[in-house]
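Okay, thanks for making it, everyone.

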Amino acid sequence: MTTHAPHLIRGESGDWEVVIGLEVHAQVTSQAKLFSGAATAFGAEPNTQVSLVDAAMPGMLPVINGHCIEQAIKTGLGLKAQINRRSVFDRKNYFYADLPAGYQISQYLQPIVGKGEIVLDLPDGRGRTIAITRLHLEMDAGKSLHDQHPSQTYIDLNRAGVALMEIVSEPDLRTAEEAGAYVRKLRSILRYLGTCDGNMEEGSLRCDCNVSVRHPGEKLGTRTETKNVNSVRFVMAAIEHEARRQIGVLESGGTIQQETRLFDPATGTTRPMRSKEHAHDYRYFPDPDLLPLELSEAEIERIRASLPELPDDKKKRFIEGYKLSAQDAGVLVAEQAAANFFEAVAAGRDAKLAANWVINELFGRLNAAGKPIDASPVAAERLGALVDLIQDGTISGRIAKDVFETMFETGRDPAAIVEEKGLRQVSDTGALDAAIAEVLAGNADKVAEFKSGKDKLFGFFVGQVMKKTGGKANPGLVNDMLRKKLSS
Amino acid sequence: MTTLTDLSMAEARDGLRARKYSAKELAEAHVAAVERIKPLNAFITATPERALAAAAEADRRLARGEERAMEGLPLAIKDLFCTEGVLTTAASHILDGFKPPYESTVTANLWRAGALMLGKANLDEFAMGSSNMTSHYGPVESPWRRKGDNRALVPGGSSGGSAAAVAARAALGATGTDTGGSIRQPAAFCGIVGMKPTYGRCSRWGIVAFASSLDQAGPLTRNVRDAAIMLGAMAGHDPKDSTSVDTPVPDYEMALTGDIRGLRIGIPREYRMDGMNPEIERLWEQGKAWLRDAGAEPVDISLPHTKYALPTYYIVAPAEASSNLARYDGVRYGLRVPGRTLDEMYENTRAAGFGKEVRRRVMIGTYVLSAGYYDAYYNKARQIRTLIARDFDRAFKVCDAILTPTAPSAAFALGEKMDDPIAMYLNDVFTVPASLAGLPAISVPAGLSGDGLPLGLHLIGRAFDEAGVLKIAHVLERAADFRARP
Amino acid sequence: MALDKAAVRKIARLARIRVAEEELDGLAVELSNILTFVEQLGEVDTAGVEPMTSVVAMTLPRRADAVTDGNTADKVLVNAPEGTGNFFAVPKVVE
């Protein structure tokens with residue numbers, strides 16, 4: 001019997017391998033659009049953020065936003081990619097109601113960014129490198145609203161012309177989980193760089209999922225493209241569904257059509273897109289309204305020098321510098337704000353203890369409250385102060401959890417809470433002696449059992465002493481003193 | 001006193017400043033002339049109220065001594081330039097009712113220089129044509145007639161309405177656009193001066209696009225000095241056009257020194273084509289002699305890829321046009337012919353909205369860009385365009401300007417050559433190479449054909465050397481002493 | 001290259017121009033003639049020749065990232081043949 005590789009799907013005709021490539025459309029963080037001076041802000045009234053260029057009025061011409069070029073270069077550098085010194089903007093020609101000019105300005109044969117890579121953080125802490133094929137700049141289309149009128153589609157051009165980076169991966173991904181990890185990691189890098197806010201609900205990050213299946217070792221199967229999936233969860237669901245659908249079709253003797261599909265979040269299924277069923281012939285050609293984009297080495301180096309520390313480097317530093325586990329370091333660096341928070345807590349303190357508190361207590365509590373790290377009611381200095389109180393023996397870890405709960409609710413200083421509630425740890429040997437004597441006296445039978453070899457009862461005595469002191473006894477001290485008393 | 005409509009632009013400018021007449025009188029005379037030449041169909045929209053209002057402002061400025069370079073000079077504007085609040089049609093049904101909420105940079109520059117608009121001049125639909133017969137608003141007639149023949153003639157195209165209006169003394173000058181010869185060929189047919197500047201010299205912002213890598217705006221005037229004045233007002237860097245070049249605009253009028261001694265004038269041997277019209281050939285020889293007499297030195301040059309310019313153009317221009325015209329879809333402006341589905345609406349609108357020649361070129365352009373054909377057609381044409389530009393680069397190492405005929409014949413009759421698109425395309429054989437290379441070029445009226453129709457000579461200069469081209473053209477104009485009138 | 005009816009139908013479809021069935025033959029001849037005319041370019045050896053991307057010898061100008069336009073829904077919509085409120089409207093599209 002062979003072992004079943006975890007990334008394969010078992011079908012009636014044997015194991016299937018899923019081959020996934022992702023095309024992510026990331027909205028470039030910018031004030032104005034790629035080729036016009038209209039605003040990019042989300043949620044404006046329809047057609048109010050539209051210039052005459054965006055509406056493709058006769059004679060209107062594009063002029064490129066320099067900041068968007070820099071953002072693309074920055075992203076390319078963050079993906080350890082080749083930055084092309086010369087790139088060309090092409091027209092991708094097709095008719096659609098929300099594409100006013102009848103063409104999208106994009107980059108086809110000569111994109112601004114070439115091959116790069118993303119390292120996925122696998123759950124076991126290992127990394128897996130996924131190759132990036134390319135990144136190019138292009139303009140977004142407008143929005144079609146199909147549900148406002150029984151026989152008409154309404155068009156809002158606010159999005160038309162907003163700068164996008166299309167980031168294309170090689171078909172290196174093999175499972176829905178890996179695809180999810182890829183999108184999360186890419187989003188993390190983009191946010192670190194400040195080149196895309198990664199807000200999937202507002203459409204700042206959308207994903208086209210190219211999926212095919214094959215028996216291991218066979219050549220690539222026919223792929224389908226599921227368009228515009230807008231959450232990590234949906235990406236995973238769409239891929240999972242699409243893979244199983246394709247296996248089902250193939251195993252029942254059918255063939256896969258190369259087609260564009262849509263994901264329906266309500267049902268978790270994909271279906272063919274009717275409006276795009278015509279064979280495409282985009283008739284790409286260099287946009288004669290724009291000139292080739294030439295970049296100097298100096299400009300690329302200037303941008304390289306401005307890059308922040310990125311998640312992979314930060315993770316490495318956390319593992320080496322703070323001696324954190326790969327898993328803890330991975331969790332902490334996923335968001336820059338979280339990593340910064342941790343570093344503020346860890347500064348001058350026991351880093352592992354700090355990491356524990358940030359990950360297990362703070363993140364857990366924030367998640368439950370649905371709050372982002374920026375909105376944490378507990379400030380980093382105060383969580384640090386709490387760690388100090390544990391480290392210097394003022395309170396025990398157990399008490400600290402109660403203090404933290406109060407901090408989370410009130411945002412107050414931990415020392416003040418400890419004082420007010422009288423939670424200071426009892427390390428006074430006289431007081432402890434008395435408590436221990438009482439416990440031993442009241443449990444003479446158990447003391448005898450212990451002395452006759454029932455070692456496990458030690459924990460019982462500790463518990464009783466703690467109970468007597470209202471949990472405030474210094475546990476280390478109690479241990480030492482009890483052991484002495486019982487062995488005498 | 002000559003009538004006000006016979007004045008050149010320079011004379012009118014000087015006359016206004018000397019208070020010989022008011023801007024109002026000048027405008028009124030032209031408004032009346034526009035009305036009088038209505039049978040020529042040179043205008044799609046006349047804007048007399050606007051002209052008169054602008055003339056009143058010009059008179060106020062003149063009275064205060066605050067006149068600008070073209071204060072009070074009445075112009076015709078090719079109806080390819082978007083003019084704010086004024087119907088702009090590109091002579092196409094598909095732009096029915098379109099009133100742009102914006103003003104093209106070139107016309108805005110002209111208004112800022114004090115010029116005023118008489119109306120929007122007729123043209124070939126979307127500037128696609130050499131006869132002005134493809135206009136949805138009907139053909140334009142040339143004011144010229146052959147000797148002893150009253151048949152209507154074409155004014156050339158695509159800036160046919162502009163050329164006819166200027167030749168018929170209904171405007172002091174007109175804007176045109178030139179993609180493959182659309183200013184120079186109608187200027188030659190109508191016995192006036194027409195100049196296409198260097199690509200990038202005039203902003204394309206607000207001009208309905210035909211072929212973006214070729215389109216350039218330029219002036220049509222009755223003499224070279226007027227072309228210099230008008231180009232100076234039209235030209236200039238525009239940050240709204242990424243292909244607009246940021247280089248100073250010289251005072252072109254100052255360039256008209258009359259001194260061309262020592263300049264080398266290239267005579268390209270490839271332009272001497274088999275079966276060339278002997279009248280045209282003789283005129284060309286004459287032009288060469290005039291320039292030699294003025295102290296310039298004619299030199300034989302070779303532009304080896306000349307023969308391929310026209311086929312290159314007829315790939316590049318339709319390809320770009322097929323994409324540029326995709327925006328005319330019935331959604332945001334212009335004509336909409338309903339359909340049950342979006343695609344049906346597109347197909348109905350574009351079938352009804354575009355005329356035959358436009359449909360033909362859009363389809364050719366679509367084809368040469370389509371999968372499997374791109375390399376054989378479009379990419380090949382772009383490569384040959386590189387070779388054509390290189391030919392000129394080499395030639396300009398041994399000469400300062402190039403002299404050729406403007407068109408292979410004089411104007412033809414309305415309706416001729418309509419059945420054979422390629423025969424029509426051949427009109428541009430001498431003008432297209434300079435367009436492909438983006439070079440400045442001018443047509444100067446230089447003589448009459450045997451049947452009494454104007455013929456033009458064509459000068460091509462180095463990139464951004466409009467001043468040099470105008471200087472030589474000015475000398476050519478004086479030597480030719482062309483006085484014939486329609 | 002001689003285009004046949006089917007090819008013309010396909011091009012017309014790609015260009016979104018309705019062509020009546022009876023016009024296809026004539027159009028095929030016209031377009032084929034034009035293609036034959038331009039195909040003389042095949043004579044030219046263009047091996048190694050860079051295709052012209054722009055006739056202007058300059059680099060792509062860039063604008064600053066500033067909001068300088070928009071808030072002109074009236075201008076954007078004023079010429080629309082059909083629309084409602086602040087929207088353009090087209091026949092319903094089923095995705």
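How many residues of chain B are in contact with chain C, and how many of chain C with chain B? We get 55 residues of chain B against 37 of chain C, where contact means C-beta atoms, placed from the backbone, within 7 Å. Before I go on, this is a predicted model, so local features need pLDDT of at least 70, side-chain atom pairs count only at pLDDT 80 or more, and totals for chains, interfaces and linings use all residues. Residues are numbered from 1 along each chain as its sequence is written, while chains are lettered from A and ligands numbered from 1 in the order in which they are written.

Back to the side of chain B that touches chain C: α9, α10 (342-353), α11 (356-369), α12 and α13 (421-425) of chain B each give two or more residues. Helices here are DSSP runs of H or I, at least four residues, and strands are runs of E, at least two, numbered from the N terminus. The largest share, eleven residues, is from α12(B). By class that side has 27 nonpolar, 16 polar and twelve charged residues. Nonpolar is Ala, Val, Leu, Ile, Met, Phe, Trp, Tyr, Cys and Pro; charged is Asp, Glu, Lys and Arg; polar is the others, Gly among them.

Now, two of those helices also meet each other. The axes of α9(B), residues 309-324, and α12(B), residues 375-398, come within 9 Å and cross at roughly 125°. Axes are lines fitted to C-alpha atoms, for helices over the stretch in contact, with angles from 0 to 180 degrees between N-to-C directions. The pair is therefore oblique, meaning not under 35 degrees (roughly parallel), over 145 (roughly antiparallel) or 65 to 115 (roughly perpendicular). Who touches whom? On α9(B) we have B:Ala309, B:Thr312, B:Ile315, B:Val316 and B:Ala319, and they meet α12(B) residues including B:Tyr377, B:Ala381 and B:Arg385. That contact counts nine nonpolar residues, one polar and one charged.

Over to chain A. Helix α9(A), 380-391, has twelve residues and spans 16 Å from first C-alpha to last, close to the 16 Å expected, that being 1.5 Å times one less than the number of residues. Among its buried residues are A:Leu383, A:Leu386 and A:Ile390; buried means 20 or more other C-beta atoms within 10 Å of a residue's own C-beta, placed from the backbone. Their cover includes α7 (336-346), α8 (351-369), α10 (397-410) and α11 (414-421) of chain A. After α9(A) comes A:Gly393, with a positive phi near 80°.

Technical notes
Contact = placed C-beta atoms within 7 Å. Buried ≥ 20, exposed ≤ 12 C-beta atoms within 10 Å, placed from the backbone.
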